[in-house]
Amino acid sequence: MLVCRLLLVLFLSSLVSFAGAAGIPIKDPAAIEDVQQIVSIFGIDQGIQNSIRRDLENNNRTKPEMYFDQEIYMRPFTVDAINLHISTVLAKHISSDYAQKLLKELPKPTAKISTRLWRTEMNQGLDAARSEFNKLAPADRKAVNDFRSTPTFLSMLNALNNSKEERNEEMANWSGKEMQSRVRQARQVIAELMEISIKLEKEEIDENVKLSERIPLTGQRSLDQEVRLTFEYLRANIKQNLRFSEELKALDLGGLLKPANLTSRQGIENSNLSILAAETMFDNNSKRYDSLRASYTDALERINMSPQQRQEVIANNKKNMEEILDSRLKRNEHLRAFLELKKQVLALCESSFGKIKIDGDTLLFDNDQDVNKYNSLVRQINIERQALLDLEKQDLDERTRTLATFKKK
């Protein structure tokens with residue numbers, strides 16, 4: 001049984017800082033299109049994108065166990081997308097009248113200087129903005145200060161301040177949904193492989209089914225490594241199952257005790273060789289599964305992750321390994337008994353060779369002792385066969401429940 005953690009990784013906590021009191025939205029909100037222009041002219045959207053990127057870089061530097069791939073993580077956070085999310089909130093905190101007045105002022109020379117200084121402060125810091133401001137002519141400095149004291153400009157500052165908490169929440173919700181979407185896509189591929197494995201064993205789909213070759217990345221490195229290892233482990237298991245199934249069919253273990261085989265020296269010899277091959281094949285198959293599982297476990301535990309995540313991984317793998325080992329021990333016990341009983345039937349028929357006749361599909365022994373022994377062995381074989389089928393059904397039922405739970409997360 002395979003239980004996959006695949007924890008949902010939400011937005012970086014360092015990027016979500018709720019500061020300031022929430023403002024009360026005004027009664028005459030500005031058109032979102034107008035606010036989008038204002039946000040773009042002041043470069044607020046670009047500034048936020050740069051801030052997210054800087055916080056991401058800082059997170060990766062200080063918390064390597066929570067490393068995010070910048071290229072993947074930043075994909076949804078385009079300047080245009082940020083602009084729309086920010087403007088949608090900001091529009092509720094600035095009046096339509098003030099927004100339109102501000103748009104009329106912004107093309108003027110003084111407003112252009114002011115927006116340039118604003119951009120400098122956002123991207124290079126307050127000292128850089130002050131240095132640039134001090135280089136202006138006295139008349140320009142006065143004009144900029146006068147512009148920034150107007151009700152029109154102050155209305156935007158108030159809107160930014162009053163909407164700060166709501167804007168942060170909007171960004172946090174947006175980024176969280178984006179991450180959850182990527183996690184869901186990755187989990188879907190894992191779920192598909194789990195489902196294929198179950199259906200193959202139930203013989204509900206063709207063995208030539210095409211397996212996924214790639215898995216979507218979430219951008220969170222430890223999670224992507226865990227997903228990739230689980231993905232590769234499931235694919236390897238499915239391929240191993242298919243290989244084992246082909247080998248098993250070639251042996252035709254179900255036909256070993258056909259009357260024609262039990263009354264022919266060649267048939268008895270071939271059946272004994274098939275059982276010997278089956279014992280070797282089952283042993284090799286078990287070793288391959290053990291090797292796959294060990295490699296998967298070792299690789300998982302080498303992932304750079306937080307102590308809590310590592311503890312969860314180790315505990316989860318220990319629990320899974322104990323369940324797998326318990327199931328395998330029971331299966332191997334019945335399997336050994338199943339094959340041993342078939343060997344005893346072959347030995348019985350070999351010792352009575354020439355004394356057994358065939359009547360249709362029935363063997364006719366020349367004494368009651370051999371008949372009773374044969375019938376007893378066949379009953380025991382059927383008991384062991386049913387035990388193996390029951391264990392297989394239990395395993396499939398458990399994996400089906402695990403898959404259903406996995407899909408709900």
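Colleague: Which residues are linked with Lys-407 in a network of salt bridges?

Modeller: Side chains of opposite charge can pair when their charged atoms come close. A salt bridge here is a side-chain nitrogen of Lys or Arg within 4 Å of a carboxyl oxygen of Asp or Glu. In this predicted model, Glu-195 and Lys-199 join Lys-407 in such a network. Over the whole structure, the search finds 23 salt bridges.

Colleague: Before we go on, how should I treat the numbering and the values?

Modeller: Residues are numbered from 1 along each chain as its sequence is written. Local features need pLDDT of at least 70, side-chain atom pairs count only at pLDDT 80 or more, while totals for chains, interfaces and linings use all residues, and side-chain values use heavy atoms, leaving out hydrogens and water.

Colleague: What pLDDT does the protein average?

Modeller: pLDDT is the predictor's confidence in each residue, from 0 to 100. The average is 88, and 94% of the residues score at least 70. Residues 1-22 fall below 50. Where pLDDT is low, the predicted coordinates should not be read in detail.

Colleague: Which parts of the chain does the salt bridge between Lys-92 and Glu-166 tie together?

Modeller: Their side chains meet at 2.4 Å, N to O. Lys-92 sits in the loop between α4 (79-90) and α5 (96-105), and Glu-166 in helix α10, so the pair ties together parts 74 residues apart in sequence. Helices are DSSP runs (H or I, at least four residues), numbered from the N terminus.

Colleague: And where do Lys-330 and Asp-326 lie?

Modeller: Both are in helix α14 (residues 307-351), four residues apart, about one turn of the helix.

Colleague: Is Gln-240 buried or exposed?

Modeller: Buried means under 20% relative accessible area, exposed over 50%, and partly exposed in between (1.4 Å probe, protein chains only). At 7%, Gln-240 is buried. It lies in helix α11 (residues 221-251). By contrast, Glu-203 is exposed at 67%, and has a positive phi of about 60° although it is not a glycine.

Colleague: Which residues have the most contacts inside the largest nonpolar core?

Modeller: A nonpolar core is a set of buried Ala, Val, Leu, Ile, Met, Phe, Trp, Tyr and Cys residues joined through side-chain atoms within 4.5 Å. In this core of 53 residues, they are Ile-38, Phe-42, Leu-106, Met-156 and Ile-190. Helix α10 gives the most to this core, with 13 residues.

Notes
Contact = heavy atoms within 4.5 Å. Helix = DSSP H or I, 4+ residues; strand = E, 2+ residues; numbered from the N terminus.
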